[in-house]
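Let us walk through this structure together, one contact at a time. Keep the viewer open as you read.

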Amino acid sequence: VQLQASGGGLVQAGGSLRLSCVASGNIRNINAMAWYRQAPGKQRELVATISSGSTTDYTDSVKGRFTISRDNAKNTVYLQMNSLKFEDTAVYYCSAQILIWRRNYYSDYWGQGTQVTVSS
């Protein structure tokens, strides 16, 4: 199983970016999906989660600005980021709880990270 994240880049404060993360491989089912981020010198933090039923949750600092969504047919999770701030600068990672064939339990998988840089 692989998670491939994309969509990062350099944007001015107040701008928008849309991150995508596609899961591929021997996938039977995907449960929760999430986006994390890690800024230089800081610990990785949970940004947003979305359940298999599309229930969402966000860390307080991004509420009202970021939107997480998913396309189950494409095994893809998105993060729409609006009104970006300098402090949103970080490497963003996607994560998913995936059930693969020949197993009866879910495991956590991670993407490689995509850099988001917001200039002030």
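The tour goes from charged pairs to a pocket, then to aromatic rings and a few backbone details.

A word on ground rules: this is a predicted model, in which local features need pLDDT of at least 70, side-chain atom pairs count only at pLDDT 80 or more, and totals for chains, interfaces and linings use all residues. Residues are numbered from 1 along each chain as its sequence is written, and side-chain values use heavy atoms, with hydrogens and water left out.

Let us start with charge. Side chains of opposite charge can pair when their charged atoms come close. Here a salt bridge is a side-chain nitrogen of Lys or Arg within 4 Å of a carboxyl oxygen of Asp or Glu, and the count by this rule is 4. One of these joins Arg37 to Asp88, with 2.9 Å between the closest N and O atoms. Arg37 belongs to strand S4 (residues 27-38) and Asp88 to the loop between strand S8 (76-81) and strand S9 (90-100), so this bridge ties together parts that are 51 residues apart in sequence. Helices (H or I, at least four residues) and strands (E, at least two) are DSSP runs, numbered from the N terminus. Arg37 and Asp88 are both buried, where buried means under 20% relative accessible area, exposed over 50%, and partly exposed in between (1.4 Å probe, protein chains only).

Asp88 has a further partner. Its side chain also meets that of Arg65 in a salt bridge, at 2.7 Å from N to O. This pair links distant parts of the chain as well: Arg65 sits in the loop between strand S6 (56-58) and strand S7 (66-71), Asp88 in the loop between S8 and S9, and they are 23 residues apart. Arg65 is buried, like Asp88.

Another salt bridge joins Asp60 and Lys63, at 3.0 Å from N to O. Is Asp60 buried or exposed? Asp60 is exposed, because its relative accessible area is 61%. Lys63, at 47% relative accessibility, is partly exposed.

Next comes the empty space. Rolling a probe the size of a water molecule over the atoms shows where empty space is left. For this model, the search uses a 1 Å grid over the protein atoms alone: a cavity is a set of points where a 1.4 Å probe fits but cannot get out, while a pocket is an open set with protein on both sides within 12 Å along at least five of seven lines, and lining residues have an atom within 4 Å of a point. Grid points are joined across faces, edges and corners, and a volume is the space filled by probe spheres set on the points. The largest pocket has a volume of about 210 Å³. The lining of the largest pocket consists of 4 nonpolar, 3 polar and 4 charged residues, with Ala, Val, Leu, Ile, Met, Phe, Trp, Tyr, Cys and Pro counted as nonpolar, Asp, Glu, Lys and Arg as charged, and the others, Gly among them, as polar.

Now for the rings. A pair of aromatic rings is described by the distance of the centres and the angle of the planes. Rings of Phe, Tyr and Trp (its six-membered ring) pair if their centres lie within 6.5 Å; planes under 30 degrees apart count as stacked, over 60 as edge-to-face and the rest as tilted. The whole structure has 1 aromatic pair. The ring centres of Tyr36 and Trp110 are 4.8 Å apart and the planes lie at 55°, so the pair is tilted. Tyr36 is in strand S4 and Trp110 in strand S10 (residues 107-110), 74 residues apart.

Arg44 lies over the face of Trp110, at 4.9 Å from the ring centre, and over the face of Tyr93, at 3.8 Å. A charge sits over a ring if NZ of Lys or CZ of Arg is within 6 Å of the ring centre and within 35 degrees of the ring normal.

Finally, look at the backbone. Asn75, in the loop between S7 and S8, has a positive phi near 50° and is partly exposed at 24% relative accessibility. Arg102, in the loop between S9 and S10, has a positive phi of about 75° although it is not a glycine, and is exposed at 86%.
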